[in-house]
Amino acid sequence: AAFNTFFVYAIYCGITYFIPFLKDIYALPVALVGAYGIITQYGLKMIGGPVGGYLADKKFHSPSRYIRVGFLICIVLLSIMVIAPHKSLNVYTGMAMTLLFGAVLFSMRAVFFAPMGEINISDDITGAAMSIGSFIGYAPGMFCYSLYGSVLDKNPGLSGYRVVFMMMIGFAVLGFIVS
C-alpha cells in the first residue's frame, strides 16, 4: 500500500517541470505562466480530490483499483507526451496535455493513502503502519527532484524532457504492477 503512494508521488515530482517544459519548448508567455500555475496548483487540486474520491468509491469500488487505472492512464498520456511533435504544436496544446495529465495525477493523490484501509491493518497498529507508509510514500521527495533536474541539466531541451517523461512512465509501470 505504501508503494502505491511512493509511485504516485514519484510521478508527482515530475510535474514540477511542466512549467519549464512549457516555457522552454512551447515558449509559454510569462503572462500565461502565472495562470497555468494557479490552475495547476489550486484548480486541479480542488477538482482532483473530490473526483478521485468519487471514482475510487462509486465507480471502481476500491482505491487500489482506481489507482491502478490511474497509472495506466498516466502511462498512455506520458507516452503521447514522449512521441508528440512538440515543435509543431501550439502552446495551448502543450498546456492541455500537461493539465489533463495533472488532473489525473491529482485525482490519484487524493486517494493514494486509501489502500491502507483495504489491507486490514489491525486498529492497534494503524498509526505505526501509517507512519511507515508515509515515510515510504513520500521518499521520492528525497531524490526525484534531483534525479529529474540532473537529467534535464545533462540533456538540455526537448530530449531531456522526453527522458524525464520516460522515467515517469517507468514509475507508472512499477506503480501499476504494485497496485
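User: Which residues does Thr98 touch, leaving out those up to four places away in sequence?
Analyst: Thr98 touches Phe18, Phe21, Leu22, Tyr36 and Met81, where contact means heavy atoms within 4.5 Å. This is a predicted model, where local features need pLDDT of at least 70 and side-chain atom pairs count only at pLDDT 80 or more, while totals for chains, interfaces and linings use all residues. Residues are numbered from 1 along each chain as its sequence is written, and side-chain values use heavy atoms, leaving out hydrogens and water.

User: Is Thr98 buried or exposed?
Analyst: Thr98 is buried, at a relative accessible area of 1% (buried is under 20%, exposed over 50%, partly exposed in between, with a 1.4 Å probe and protein chains only).

User: What does its side chain make a polar contact with?
Analyst: The Thr98 side chain pairs with the side chain of Tyr36 at 2.7 Å. A polar atom of the Thr98 side chain also sits 3.0 Å from the backbone oxygen of Met95. A polar contact is a pair of N or O atoms within 3.5 Å; within protein, one must be able to donate a hydrogen and the other to accept it, and residues adjacent in sequence count only if both atoms are side-chain atoms.
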